[in-house]
Amino acid sequence: MAILFSNEIINAVIDELKNAENSVQIITAYCKKNTFEKLDSVISSSVNNRRLLVRFRLDDVLKGSTDFEILEYGVQHGWNVFLRFDLHAKTYIVDNKRGLVGSANATNSGLNIGKAGNMEMATFIDVELEDIEKINGLFDDAIPVDGELITKMKQQFDSIEPAEKQKSHSWNTEITNRFNPSVNTLFSYELPEEFNFVEGEYFSFLDYTFSGDLNAFKEVFRWSNAYLWLLKIVKENDGEMYFGAVTEKLHNALVTDPKPYRRDVKQMLANLLDLIEKLGMEEVVIDRPNHSQRIALKEK
């Protein structure tokens, strides 16, 4: 299994895309229009099954990490385009047989196109049926893009004044409520450790360094697996659960081998709830009736 570096990656991706016969799937956190066009241009017109999955947070678009135009371009050129807000993966899959997995986004810097390329690494793997089922799950939970959605997102994107673009922004609830990922399992590293909000502190469970902007941090945390899992579990239990019941659910959901001790799971949950309270997450209220923490979804 050869490891590819920087400019080797784009050459390998293009060679694979040229040989595609039935399907192409591009999964990327960031995506730039000129890079996407370059990749699209080498795919045979006979390949009808084309899917693009991109993270597409509003901050990503406002700050230029991703181009808004990829939505319209993709739809107009026969791609089925999907959005998630929790995506970090970068994968290029051809004919459900071969896949490039690594750190390279579908951007000029990610694929080392031009002079300002990043140092990236990737490798090709043989894709198995189980892998395709997992990939399909990513798309099943994602938001499909159509003309109506593009219009709604464009209206919000255009309404933000240039001077405001460097601040933290998120899509309105009409858009974010369309994203309902099903998070059934967690790894222990996806839960927060004890923390302090100190500028420069690194939160490993988010792969995020705190910049001092709490709103930006909230937006990243909102789409973390730990928070999405908690919302899902509480919703499934009539919108209200106590600490002990959530601890049991969390213990069962963790796939870490070996399973952590119950006291460790309690601490993981305590850290998560502490973070939710300090951030003032709008979807959840935490209180202590009868001396036991209660987690409830706020009524809308």
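Residues count from 1 along each chain as its sequence is written. Because the model is predicted, local features need pLDDT of at least 70 and side-chain atom pairs pLDDT 80 or more, while totals for chains, interfaces and linings use all residues, and side-chain values use heavy atoms, leaving out hydrogens and water.

Let's start with helix H1, residues 7-18. (Helices are DSSP runs of H or I with at least four residues, strands are E runs of at least two, and both are numbered from the N terminus.) H1 has 12 residues and spans 17 Å from first C-alpha to last, close to the 16 Å expected at 1.5 Å a residue; that expectation is 1.5 Å times one less than the number of residues. Its buried residues (under 20% relative accessible area, with a 1.4 Å probe and protein chains only) are Ile 9, Ile 10, Ala 12, Val 13, Ile 14, Glu 16 and Leu 17. They pack against several elements, among them helix H2 (33-41) and strands S1 (3-5), S6 (98-102) and S7 (121-126).

Two strands pair if DSSP finds at least two bridges between them.

| Strands | Sense | Bridges | A facing pair |
|---|---|---|---|
| S6 and S7 | antiparallel | 5 bridges | Gly 99 and Ile 125 |
| S11 and S13 | antiparallel | 3 bridges | Met 241 and Ile 295 |

(Axes are lines fitted to C-alpha atoms, for helices over the stretch in contact, and angles run from 0 to 180 degrees between N-to-C directions.)

H9 also packs on helix H11 (residues 262-279), at about 90° and with axes 11 Å apart. The two helices are therefore roughly perpendicular, a label for angles of 65 to 115 degrees. Ala 226, Tyr 227 and Leu 230 of H9 meet Leu 272, Leu 273 and Ile 276 of H11, where contact means heavy atoms within 4.5 Å. By class, this contact has 6 nonpolar, no polar and no charged residues; Ala, Val, Leu, Ile, Met, Phe, Trp, Tyr, Cys and Pro count as nonpolar, Asp, Glu, Lys and Arg as charged, and the others, Gly among them, as polar.

Notes. Buried means under 20% relative accessible area, exposed over 50%, partly exposed in between (1.4 Å probe, protein chains only). Angles under 35 degrees count as roughly parallel, over 145 as roughly antiparallel, 65 to 115 as roughly perpendicular and the rest as oblique.
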